[in-house]
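Reader: Before I rely on any label in an annotation, I would like to see the value behind it set against its criterion. Could you take me through a few labels in that way?

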Amino acid sequence: MPVLKREQARDLGDPSGLPKLPVPPLQQTLDMYLKCMSHLIPEEQFKKTKAIVEKFGAPGGMGEFLQKKLVERSEHKANWVYDYWLEDMYLSNRLALPVNSSPVMVFPKQNFTSHSDTLRFAAHLISGVLEYKSLIDGRALPVDYARGQLAGTPLCMDQYNKVFTSYRLPGAKMDTLVAQKSTVMPEPEHIIVACKNQFFVLDVVINFRRLNEKDLYTQLERIRKMADIEEERLPPIGLLTSDDRTQWAEARSVLIKDSTNRDSLDMIERCLCLVCLDEPSGTELTDTNRALLMLHGGGMDKNGGNRWYDKPMQFVIGADGCCGVVCEHSPFEGIVLVQCSEYLLRYMRGSPSKLVRAASMSELPAPRRLRWKCSPDIQAFLTASADKLQRLVKNLDMNVNKFTGYGKEFIKKQKMSPDAYIQVALQFTFYRCHGRLVPTYESASIRRFQEGRVDNIRSSTPEALAFVKAMSMLCDAEKMELLWTAIKAQTNYTILAITGMAIDNHLLGLREIAKELKLEKPELFSDTTYATSIHFILSTSQVPTTEEMFCCYGPVVPNGYGACYNPQTDHIIFCLSSFRDSAETSSDLFVKTLEGCLKEMQDLCLKCNSESKPTDSTEKMAGNTKVMKNGSKS
């Protein structure tokens, strides 16, 4: 499988004439960097950083030279930051994919009363997946357009090409995003079904005919029976994919020494997606527990081995009704996961199951069990992977909370942007819990540009700090004024980010081009402040859905929080994650404090709404802002 060439993946509905991502002016980025960090670090450290930044940006200095090189790069690349960003955000990250990197979508709990119900649901879902894939292949997906700010702008559709065709190959130092090779006569398309930690090949096209739902059900029933044969069961090789990337790369290099293992890996790496038929977890299926089970499978003793984390889409169907999608994040953003998931739920609701009672099993070739040859070395890798996954399971502290005090309708009535309002509420909450603000990540889509992925909205603004401090000391009118100012600052930064003018991608580009040119690392990037600026203790993302489901993910640093939220008309779903082994964090405390902060902000708005009129420009800025952001943990 060759390395994914972006040029090969650009054709899907990509509106002609999308502009290239601009390179922001150097001085603008340096000034904004100082503004973003001035209130988050000690004064003495800031003075030192200011001097370093001024030296970097001086006329004829290193900054100007690197900026010139970046501009040159932008002239001959479709997107100057794409490769740098992909490697930095994902491929060079050595952490295990579950919890640390892979977001999940949690579906409504299903009420299965038998194995037949589960398999019917699976067959129906696979039919939906094949329909969605045919839309992508036929370039029939409608082009996405931006909403809210700069509404109506067409968005790059590249990411949809990668949903069923890419694979994240582990490497010793860096992973590779690979794509299937297209041939004149493609091999029969197949999915991999995981059942009881075993992997089966389910051909979905046989003799050039796509299997109908009845055929799929028949094949799934066969797979279920094959998985029940205990003497045929093989070790849970999928556990290896849950390990850190370097360890998994090492284990894979041992696995592929045997031709049987090579063949099995090849079938998995070339499949469209995985369907994971999970055993009942034995836990009460609350929103929080379903989120946990989707993120890590519950560990070795539950369904943790019934996964293959390198594939972009794993559809999980639990016999107990715990269902959803696990997403490998490097090929695409959360919005693609949302669009695909919503399509499938609508398809399953709107298109009745087409199962017919009579089914001739003899006509279909039997699904194939993937075989593995496990040397003592592989057994040792499996034991180590299982132990690490178990530690991750015990460490993850998750709280899924449906805040019912109000939803986006109330916020819009205040002439405020729901997303900006919630971001300010998260800053308020963090300040209440920890007495300070920290560098914060909120993903913002840059799909207005060719091959655009995301940049970062730095929500811990000086204006947010002024507001959260005021909430414990000033009068209501002053608090309200500062809330407006904080929301305006948040919205302004959002606009900068979605128009390619934020600082994170630009600084990354300057750092990476210096490395590419084999220059000594500029002092700007070895300065403690830069390390602090990219240690995102609060990693956030708005992932709104129109179907009943929610997205969640883990923290991106050991002492951090993952905060994913889904604003609905009269409620907001918050998915808060942290690690139990950090003495600094507590998901339950954060959620409890967040509820109080949201109530205080509502009370303030109700008290001051008639007294504190925003200026015309503020009202225009805040009114019904639904900036198209990326639902994604990045």
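Reader: What makes Asn212 a cap of the N-terminal end of α6?

Author: In this predicted model, a side-chain oxygen of Asn212 lies 3.1 Å from the backbone nitrogen of Lys214.

Reader: How do you know that the length of helix α6 agrees with its number of residues?

Author: The helix covers residues 213-227, and at 1.5 Å a residue its 15 residues should span 21 Å; because its end C-alpha atoms are 21 Å apart, the two values agree.

Reader: Why is α6 called mostly covered?

Author: A residue counts as buried if its relative accessible area is under 20%, and eleven of the 15 residues of α6 are buried, among them Leu216, Tyr217, Leu220 and Ile223. The buried residues pack against several elements, including α5 (115-137), β4 (190-195) and β8 (274-278).

Reader: What makes β12 and β14 the edge strands of their sheet?

Author: The sheet is open, with six strands in the order β12-β18-β17-β15-β13-β14 and mixed pairing, and β12 (396-403) and β14 (454-457) each pair on one side only.

Reader: How do you know that β13 and β14 pair?

Author: Pairing needs at least two bridges, and β13 (residues 440-445) and β14 have four, in the antiparallel sense, so they qualify as paired strands. In β14, Asp455 is the bridge partner of Ala444.

Conventions: Residues numbered from 1 in each chain as written. Predicted model: local features only at pLDDT ≥ 70, side-chain atom pairs only at ≥ 80, totals over all residues. Heavy atoms only, no water. Expected span 1.5 Å × (residues − 1). Buried < 20%, exposed > 50% of the residue type's maximum accessible area, 1.4 Å probe, protein only. Contact = heavy atoms within 4.5 Å. Polar contact = N/O pair within 3.5 Å; in protein donor to acceptor, adjacent residues only side chain to side chain.
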